[in-house]
Amino acid sequence: MWSWESATDESVNDSWIQRDSMTFSEKYKDEIADILSRYPVKRSALIPLLYVAQRDQGYVTESAMLEIAHLLKLTPPQVYETITFYTMFNLKPMGKFHIQVCKSLMCALVGSDTVIEWIKAKLGIAPGESTADGLFSLSVVECLAACGTGPMMQVNDDYYEQLTENKLDRILTDLRSAGTSPLKSGPFMWPEPVNVK
Amino acid sequence: MPQHELILLKNMMQPGYAGSLADYEKAGGYQALRNTLGKVSPPDVTAMVRKSGLRGRGGAGFPTGVKWGFLPKDYQGPRYLCCNADESEPGTFKDRQLMERDPHQVLEGIVLACYAIGAETAYIYIRGEMVLGSKILEQAIDEARAAGYIGKNILGTGINADVWVHRGAGAYICGEETALLESLEGKRGLPRIKPPFPATHGLYNKPTVVNNVETLANLPHIISRGPDWFAAIGSPPKSTGTRVFCVSGHVKRPGNYEVPMGMTVRELVYEHAGGMRSDKPMKAFIPGGASAPFLTPAHLDVKLDFEHVAAAGSMLGSGGVTVMEEGTSMVWAALRLMEFFYHESCGKCSPCREGSSWLVQTLRRILAKRGRMEDLETLLDLCKNIAGRTVCAFGDAEVAPIQSTLKHWRQEYVALINEAEAANLIRPEPVGRH
């Protein structure tokens, strides 16, 4: 079960994160202006801006939250109450690759529990933990809308579907060596057309 | 297998179709928009949609044209369209395919809906995990904007409709339309108390329509081929058109199948999805996503349309058909779904927030052979006190797996409890009855 405690492990090795001296609003000035232009009410830009902050550091820092509050003319608690409602925001550093395995019924019927056991064994971590090198964090999550192609997992922005043990080994190797894997899903269609002429 | 005409998946099934603007235009795309904007009056568009019998594809199945008709006619301020792409009902993965493979079909539907309801801004609220989908949509919007199909003064008609992609952030409840609006306003996704309905007090308290991706994708076809053509497909008069059913679980060929509504479960599962994946027979299926009660093989000849599935004691919901083979523990299956609902309960209403936790605890205990016979009464009692007592339909949804498995497979619960009694281990008192 997901919990704040597991998602906010203080001990994560975050040496992979590049930090710089610019503030969030300086660094993403144009992108912030573009996002703000889409909404007649500023607060609507909150989730999009939190995503920008998370992309920058892998998690949303307290200083970014304060800057966003200032930008949107919100109080810090208003930002905090929103960010804590949504599971996709990290409030503490995560591993470079955040592996999220779906465990809902549809994936469980086709073996997601086995996938979780494989990953636990291969990486030596339990859900909610990160590897000592700071590369991988593992979470067990609820339905990611890929039920026909389970078992599946999401690593950062990418989906990996119809997982087998071999495929998983290749993905982990690719991630370690290249930072991404060609086995990730493209535009989704399943089943593929059978009567291709 | 009899071949049915594909409507929504037709383009993407063509070899080489990549979903670009050029591909879509070549397949006849944006013709409906060209022939409608400034040529057919918005009320006439709404009338066509009403006549087609199109009903919402997100889960509730509310008639789309009627929903549009609820907008105040004399209101002068801004109106909004929200495309509900927060596909998160377990068992459902059709919108993902519609958006990632043929994004312009969805966009054309969005602009047509904007025109019909008089909205100049539309937001596509896509679930946060679908990063690829949101990128594909944004790229498609840029293409369509450059070609004059989206934005200011569309095709020189003076009509404006801007479309923006807005990513959610991992909350199932934001698929509920008022929670979606709250989330879009940058708040916690807590459903609103209705009335007032979004039609009068929606996004930023302005008249708003929230429609599902698949619903909107049907619009270009209804407009170009006429409401009568659409109304004749499927199971008229109340369930018209096709549905993209998402088949998952223990079948040979899981995936998305677009078939006319009214097809039997048997045909969908055994003809289209290839039947069961092993020699084991079917034990159970869910006809419409996790919120729909379980049905048994005795219901295999139930027609997949709104009325027949409801009459069988379940609901067509989002069209997610999940199949389970003999040997699957129904207590375990109910627990898996219940854990989902427990995790996703937004916490606004006490019966759902507390009840979901109690249901999970009780189910876990029964499954761990620590249950008591009274637990079954507790389960049903809790279900009774959650369903219908919450602000949104989540409460009704979360009790569905338990009530339906207890109805059809009570002996499995009893067997686990009998084992517990025989083992005579320490068993806790039922929750809520201390």
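Reader: What separates the centres of domain 1 and domain 2 of chain A, and how are these domains set?

Author: The centres of domain 1 and domain 2 of chain A, taken over C-alpha atoms, are separated by 27 Å; the bounds, which come from an automatic or database domain assignment, are 4-12 + 23-83 for domain 1 and 97-178 for domain 2. This is a predicted model, in which local features need pLDDT of at least 70 and side-chain atom pairs count only at pLDDT 80 or more, while totals for chains, interfaces and linings use all residues. Residues are numbered from 1 along each chain as its sequence is written, and chains are lettered from A and ligands numbered from 1 in the order in which they are written.

Reader: What makes β7 and β10 of chain B a pair?

Author: Strands are DSSP runs of E with at least two residues, helices runs of H or I with at least four, both numbered from the N terminus, and two strands pair if DSSP finds at least two bridges between them. β7 (residues 242-249) and β10 (residues 320-325) of chain B are joined by 4 bridges and run parallel, so they meet that definition.

Reader: Why are β8 and β9 of chain B called edge strands?

Author: In the open sheet of chain B, with the order β8-β7-β10-β9 and mixed pairing, β8 (255-260) and β9 (282-286) each pair on one side only.

Reader: How many residues does each chain bring to the contact between chain A and chain B?

Author: With contact meaning C-beta atoms, placed from the backbone, within 7 Å, chain B gives 52 residues and chain A gives 40 residues.

How values were computed. Contact = placed C-beta atoms within 7 Å.
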